[in-house]
Amino acid sequence: MYLTAPEDLTSLLGEDEPAYRADQLRDWLYRTPVLSVADMTNLPAELRRRLADRHWPFRLEIEQTADDRTTRKWLFRTPDGAAIETVLMGYPKRTTVCISSQVGCAMGCTFCATGQYGFERHLEAGEIVAQVAYANAALRRSPIAGSPDHVTNVVFMGMGEPLANYDRVRESLRRLIETMGMSARSITVSTVGVAPGVRRLAAEPWPVNLAISLHAADDASRSEIVPLNRRYPIDDLVAAAREFFAAKGRRVSIEWTLIAGKNDSDRDAAALAGIAGRMRAHVNVIPLNPTPLSDERPPDPSRVARFVRALRSAGITATERDTRGRDIDAACGQLRLRSARRTELPDAAAAPR
Ligand code: SF4
C-alpha cells in the first residue's frame, strides 16, 4: 500500500467504503504503523482480509541483531527480487534508521560493498518510506531497551546514492515530513557528491540535513576512490555545499571513511580541515568497515584518534562515529552480498567470514 501515494489511498479501498476509511488506513500506514494488517483494529475484518497481501512492498528475508540488541539490520526482498537493506540503531536519546534509496549503486566507490555490486534499480518513494514505517512498526511491537520507542532520526546512508534518484527521494521526504509527521531537521540526506542534486535539495521547502561523503581531499585521490569526483570535483562540491548552507542555514557534515594508508595521514587531516573550513562543515570520521571484496582496512585506533585530534586542533568540529554492527555486516551492501552468496554461492555461505 506504500506504493500508492497517501492522498490516493481511496483508490485502493473501492467505492463501497466510507470516505473516512482512507484516513484510518493512512494513519495505520504512516502515523501508527503496525507489522500486520490484522492489527488495524478499526478496519472491518473483510477489508483487512482484502488488504492483507498488499500491506508491505517487500517481505522480510533476514533479520540480524547486534550491539546488545540495540542494532537491528533487515534485508527485505521485493516481489521483483530486489534486495533492500535497512539498519535500525537505538541510542539513549534517539532511535535512528538508516535507509536505502536504490537497489545497488552505480557510483562505484571502491571501498563500498554496494558500489562493488553494481546498480539494479531505483527504489520507489513507497519502498523508501516503507523502510521507516516498518522500523516504527517493529519498535511498537518490540522497542529497543533504553531508546525512544519510535524512529526519531532518518539517515539516507544505506544502499544507493539518494541524489541520483532525486524525484523519488524527494517524494519520500515529502511523505516522511508531511504525512508521517517527522521533523525535517531529524532527516539527513547523504551524498557522495552529486553537486546539482545538492543545489536542488537546497531549493526544497524542508530544512533537512546534508551529509557529504568526501573521503579524500584532493581531486586526484578522490577520483580514485569516488569515481563521481571526475564529474563533480571538490571545488564544485564545496560551492554547492556553501549554497546549501546559505539557503537552509543548516551546517553540512562531511563523512570521512578512514582507510589505512589511503586517507589517514596528517597531511590528509590538514587538507580535510581546509575543505571543512570552506564548507563550514563539521566532520564525522568513520573507520572503514571492511568488505569481503576489498583488501582495504581501517587504521588502528591510535591513528584514528590522532586524525580526529589533528582536525580539532585546526579548529574543525570533528567526531569519531561509532561503527555499529560490525559483526552483522552493517556497512551498506554487505548483508545483501551475504544473501546473494547464500543463493548464488551456497558453499561460500557455509564458510565463516
Ligand atoms: S558509498 Fe554510497 S555512493 Fe558510493 S558506491 Fe556505496 S552506496 Fe554508492
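**Fold, surface and loop residues of a predicted model**

Trainee: How many helices and strands does the protein have?
Mentor: This is a predicted model. Both element types occur in the protein, with 13 helices and 12 strands.

Trainee: What does the C-alpha trace span along its principal axes?
Mentor: Take the principal axes of the protein. Along them, the C-alpha trace spans about 70 × 50 × 40 Å.

Trainee: What percentage of the residues count as buried?
Mentor: Buried means under 20% relative accessible area. The protein has 353 residues. The share of them that count as buried is 56%.

Trainee: What share of the contacts joins residues 24 or more positions apart?
Mentor: Take the contacts with a separation of 6 or more. Among these, residues 24 or more positions apart account for 67%.

Trainee: How much of the accessible surface belongs to carbon and sulfur atoms?
Mentor: The accessible surface comes to about 15,000 Å². The part belonging to carbon and sulfur atoms is 48%.

Trainee: How far apart are the mean positions of the positive and negative charges?
Mentor: The protein carries 48 positive and 44 negative charges. Take the mean position of each set.

Trainee: Is Cys 112 buried or exposed?
Mentor: The cut-off for buried is under 20% relative accessible area. Cys 112 has 15%. Therefore Cys 112 counts as buried.

Trainee: Where is Gly 104, and is this residue buried or exposed?
Mentor: Gly 104 sits in strand β5, residues 102–104. Its relative accessibility is 0%. So Gly 104 counts as buried.

Trainee: How far apart in space are Gly 104 and Ala 130?
Mentor: In sequence, Gly 104 and Ala 130 are 26 residues apart. In space, C-alpha to C-alpha, the distance is 18 Å.

Trainee: Which loop holds Asp 67?
Mentor: Asp 67 has a positive phi near 50 degrees, and is not a glycine. At 31% relative accessibility, Asp 67 is partly exposed. Its loop lies between β1 (59–66) and β2 (71–77).

Trainee: Is Arg 69 buried or exposed?
Mentor: Arg 69 lies in the loop between β1 and β2. Its phi is positive, about 65 degrees, although Arg 69 is not a glycine. The cut-off for exposed is over 50%. Arg 69 has 58% relative accessibility, so this residue counts as exposed.

Conventions. Residues are numbered from 1 along each chain as its sequence is written. This is a predicted model: local features need pLDDT of at least 70, side-chain atom pairs count only at pLDDT 80 or more; totals for chains, interfaces and linings use all residues. Side-chain values use heavy atoms; hydrogens and water are left out. Helices (H or I, at least four residues) and strands (E, at least two) are DSSP runs, numbered from the N terminus. Buried means under 20% relative accessible area, exposed over 50%, partly exposed in between (1.4 Å probe, protein chains only). Contact means heavy atoms within 4.5 Å. Accessible areas come from the Shrake-Rupley method with a 1.4 Å probe; for residues, only the protein chains shown count as cover. Lys and Arg count as positive and Asp and Glu as negative; His and the chain ends are not counted. The place of a charge is taken as NZ of Lys, CZ of Arg, CG of Asp or CD of Glu.
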